[in-house]
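The tour goes stop by stop.

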Amino acid sequence: MDSKHRRDFLKLCVASIPALAFANVVSADEKKSQAVAQPAYRTPGSLEPYIDPLPIPKRLMPHGTSKDQYRVRMLEFKQPMHSQLPPTRLWGYEGQYPGPTIEALRGRSIVVQWENHLPAQHIFEIDPHIHGAMPPTPAVRTVPHLHGSRSRSESDGLPEKWFAAGSSARYDYPNSQPAATLWYHDHALGITRMNVYAGLSGFFLLRDDEERSMDLPSGDYEIPLLLQDRTLDDQGQLVYSPTHDDGLKLPPGVWGPEFFGDLPAVNGAIYPYLNVEPRPYRLRILNGCNSRFLNVSFNLAKSPTDIPSLITFHQIGTDGGFLPKPAALNKVLLGPAERADLIADFSGLEGKIVTLSNNAPAPFPGWEMATTTHAALYEFMQFRVSLPISNKGKSFSMPPAIAFTQLDETKAVATRDFVLSELMDDKGRSLGLRINDKGYDDPVTEHVKLGSIEKWRFINTTEDAHPMHLHLVQFQVLQRQGFNAGAFRNGTLEFMGAPRPPQANEAGWKDTAVVNPRDVLTIIVRFEGYTGRYLFHCHMLEHEDNDMMRPFEVVPEG
Ligand code: C2O
Ligand code: CU
Ligand code: CU
């Protein structure tokens, strides 16, 4: 599709969008004239890679007398992200970035008192034009969300339930779901992208008896890896500079449809290394990037330009728990917010260096771009197989197939369609994104019955892949399939090509799944747990902030 047609296509897709609050948005021409002199950014080449050890986030300890009570303070602090840089000003839970890891047991609820102790000024300039960020809303406001958790609406961290500096909220987490790699992060309306970018995210590892019976690598052999991209200035300070699809940088404080950082960070460190033993490790990988997709591999080649020599690993778990059976892979694609629970076996690799690599283009999948507009971050960290093997006696075998119930399609009481679209100006630049031509503040249109099963179809009319996420539930991917864009413009959904069932590594419980351009993603979901207000959205944080996010309401059955 040439660019003119592309614009026509997109325009048609958004033809019925009402005049929203875009009157105040700076036009593309004004943006150009405002184009600021770019400050000097740190490029990957300006830092010596692999001189800093991988930080492992501390475990959060209970607060007070009961071991199920926690307190988490959001604080501003400074921490170096690389030893050749001055400390970076950050926001973090308990003054840490990533936040401390919360470990919980299935069936044992915990209470967390979340306290906002942040200063009165935001680290980044706020775009006051987008929904939820307009004055007199305080610039500094937060609300934590436990991503992937089945919690009551009052404890879910709804974006509009933000609280300002000096305030707090007490949330209950029932942990009534299988062991999984969950994570917590900020979700404040209109500024989630900047709050998370400032450092507000951390792991929440939910454990259960089934997991214990598998005898997986644990302790020093179980490593959470939060993968993110960050841009730093000369002084090592975070720069939040979003861009358009065509790579055009925006002035500070102006919303853009995507953000791609220039540097790779793992657990808050740029290009770290980890010394490992020649044995299996369990790696909990989280794509915590704002917009960047990651196609992760473990590469024995010396440099990213060498022919890759990938080691095979096993994915044992998805967002919501263990896979029905482990999947052997040499790459795993993760959209923002997706997790992969992996076994990487360094046995027999004594003396070798394994680089955690990525080759996903940015933007993703970038089909329409002659060249992708941002450099891929080819490397994130190194595993150096340099330690002698300890506790030799411990053998490890891959977990067996587990009992797994496929949701029954014939039980679905409804099929809902969600059209994903992007609003463009006359230059083809994004003004925002929508689900069914609606934003978050539009009235609830999805009322689902507690306990019922539904099919949801996400129809992607845009040029980007979108990682679609539902709160409250874990769902199953049924299929992906192409559709005829021309016919869709005239109001008919006409499928094209064969339906593609999920790959073996997606055939488990998911709370986030990617829908490619010109594709329909169909998921099946059972609305278990609680009645009340929840939401679903694209997890590219730039998209969810403006305004690819919608509420849904779980209503009592009958
Ligand atoms: Cu990671 Cu609405 O959440
Ligand atoms: Cu979530
Ligand atoms: Cu999106």
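Which backbone nitrogen does the side chain of Asp425 reach? Select Asp425 and find out. The side chain of Asp425 reaches the backbone nitrogen of Lys427 at 2.8 Å. That is a polar contact: a pair of N or O atoms within 3.5 Å; within protein, one must be able to donate a hydrogen and the other to accept it, and residues adjacent in sequence count only if both atoms are side-chain atoms. Asp425 sits in the loop between E24 and E25. Asp425 is buried at 15% relative accessibility. Buried means under 20% relative accessible area, exposed over 50%, partly exposed in between (1.4 Å probe, protein chains only).

A note on conventions. This is a predicted model, where local features need pLDDT of at least 70, side-chain atom pairs count only at pLDDT 80 or more, and totals for chains, interfaces and linings use all residues. Residues are numbered from 1 along each chain as its sequence is written, chains are lettered from A and ligands numbered from 1 in the order in which they are written, and side-chain values use heavy atoms, with hydrogens and water left out.

**The sheet**

Colour the strands next. An open sheet of 6 strands runs in the order E25-E24-E27-E32-E29-E30, with mixed pairing. Strands E25 (430–435) and E30 (495–500) stand at the edges with a single partner strand each, so one side of each has no neighbour in the sheet. Two strands pair if DSSP finds at least two bridges between them. Zoom in on E24 (residues 414–424) and E27 (residues 453–460): they pair in the parallel sense over 7 bridges. Pick Asp417, whose bridge partner in E27 is Arg457.

**Copper sites**

Select ligand 2, a copper ion. Its protein donors are His145 (NE2) and His469 (NE2), lying 1.9 Å from it. His145 belongs to strand E7 (residues 144–147) and His469 to strand E28 (residues 466–470), so the pair ties together parts 324 residues apart in sequence. Both count as buried: His145 has a relative accessible area of 1%, and His469 is at 0%. Donors are N, O and S atoms within 2.8 Å of the metal (3.2 Å for Na, K and Ca); water is not among the atoms, so sites may look incomplete.

Move to ligand 3, also a copper ion. His466 (ND1), Cys538 (SG) and His543 (ND1) coordinate it at 2.0 to 2.1 Å. Along the chain the donors follow the spacing H-x71-C-x4-H. His466 in strand E28 and Cys538 in strand E33 (residues 532–538) are 72 residues apart. His466 and Cys538 are buried.

**Rings**

Show the aromatic side chains. The structure holds 28 aromatic pairs. Rings of Phe, Tyr and Trp (its six-membered ring) pair if their centres lie within 6.5 Å; planes under 30 degrees apart count as stacked, over 60 as edge-to-face and the rest as tilted. Tyr93 and Trp114 have ring centres 5.5 Å apart and planes at 70°, so they are edge-to-face. Tyr93 is buried at 0% relative accessibility, and Trp114 is buried at 1%. For a cluster linked by ring pairs, select Phe418, Trp456, Phe458, Phe527, Tyr534, Phe536 and Phe552.

Last stop: Arg279, which lies over the face of Tyr221 at 3.6 Å from the ring centre. A charge sits over a ring if NZ of Lys or CZ of Arg is within 6 Å of the ring centre and within 35 degrees of the ring normal.

Technical notes. Helix = DSSP H or I, 4+ residues; strand = E, 2+ residues; numbered from the N terminus.
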